[in-house]
Amino acid sequence: MAQGNSPVNGPHQGAWVDTPTGEDWFLHFQDVGAYGRLVHLQPMKWADDWPVIGIDKDGDGCGEPVLTYKKPNVGKTYPVCTPQESDEFDDYTLSPQWQWHANINEKWAYYAGDQSLIRLYSYPVVEETKNLWDVANLLLQKTPSDNFTATMKLTFKPTKKNRVGGEGDEPGW
C-alpha cells in the first residue's frame, strides 16, 4: 500500500485480519503528530499470493488507503458504538478517554465518584521546567477528532495559606 492521493500515510505497524465469512482486511495505524495514532481498517485482497491493501485503482498491484468503505461482513449485525465522549466522574477511576501525561501519582487527584467529581491538586513542578511538555501532572482528554467542541464545568476553590514573611511583609495567600 502506498499513500497515493490519500491523506492517510502508512501503512505503519499493522495486522492482517480474516473474518469468519472469508473476507481479508488490514489494520494499521497512521501517525498524526499531536493527535497520536489513528487506527485504520483497510480492505485487502490477494493477487499472485501477495496482499494488496486498500484499493488498487490503476491495477499496478499497489493499493491506496481508503477513508470510507463498507463494513466487514463478520456474519452478524452489531449496533453502532462509539468511544465514550462524556464523563460525569461518578466512578473512582478515570474513564478511558482520559489520560495523565505521565505515570500517575496519587497526590495529583482525588476521585469522589459518590459526589460525581474529581478533585485535582496543585503540585509543584521542578524549577527546570520550560514548557508544559515537561509537566507530568496534566490530566488530558484524548481528542475524538481533529475538529470537536468540549464543554466543562469547573469549580475553583483556592485554599488560603499563610506566608511566613519578614518584618513589614504584607500577609499573603
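## Overall shape

The radius of gyration is taken here over C-alpha atoms. By this value, the protein chain comes to 24 Å, whereas a compact globule of 173 residues would have a radius of gyration near 16 Å. The model is predicted. Along its principal axes, the C-alpha trace spans about 85 × 40 × 25 Å.

## Strands and contacts

The protein chain has eight strands and zero helices. From the N terminus on, its elements run β-β-β-β-β-β-β-β.

Take the contacts between residues at least 6 apart in sequence. Of these, 35% join residues at least 24 apart.

## Surface and burial

Of the 173 residues, 20% count as buried. The protein chain exposes about 14100 Å². Carbon and sulfur atoms supply 52% of that area.

## Aromatic rings

The whole structure holds five aromatic pairs. One of them joins Phe-89 and Trp-98. This pair is tilted, with 5.5 Å centre to centre and 40° between the planes. Trp-100 and Trp-108 form another tilted pair, at 5.3 Å centre to centre and 50° between the planes.

Ring pairs also link Trp-100, Trp-108 and Tyr-123 into a cluster. Trp-100 counts as buried because its relative accessibility is 14%, under the 20% cut-off. Trp-108 is buried too, with a relative accessible area of 6%.

## Cysteines

The structure holds zero disulfides. Cys-62 has 31% relative accessibility, so it counts as partly exposed. Cys-81 is exposed, because its relative accessible area is 69%, over the 50% cut-off.

Conventions:
Residues are numbered from 1 along each chain as its sequence is written. This is a predicted model: local features need pLDDT of at least 70, side-chain atom pairs count only at pLDDT 80 or more; totals for chains, interfaces and linings use all residues. Side-chain values use heavy atoms; hydrogens and water are left out. A disulfide is a pair of cysteine sulfur atoms within 2.5 Å. Buried means under 20% relative accessible area, exposed over 50%, partly exposed in between (1.4 Å probe, protein chains only). Rings of Phe, Tyr and Trp (its six-membered ring) pair if their centres lie within 6.5 Å; planes under 30 degrees apart count as stacked, over 60 as edge-to-face and the rest as tilted. Helices (H or I, at least four residues) and strands (E, at least two) are DSSP runs, numbered from the N terminus. The radius of gyration is taken over C-alpha atoms; the globule rule is 2.2 Å times the number of residues to the power 0.38. Contact means heavy atoms within 4.5 Å. Accessible areas come from the Shrake-Rupley method with a 1.4 Å probe; for residues, only the protein chains shown count as cover.
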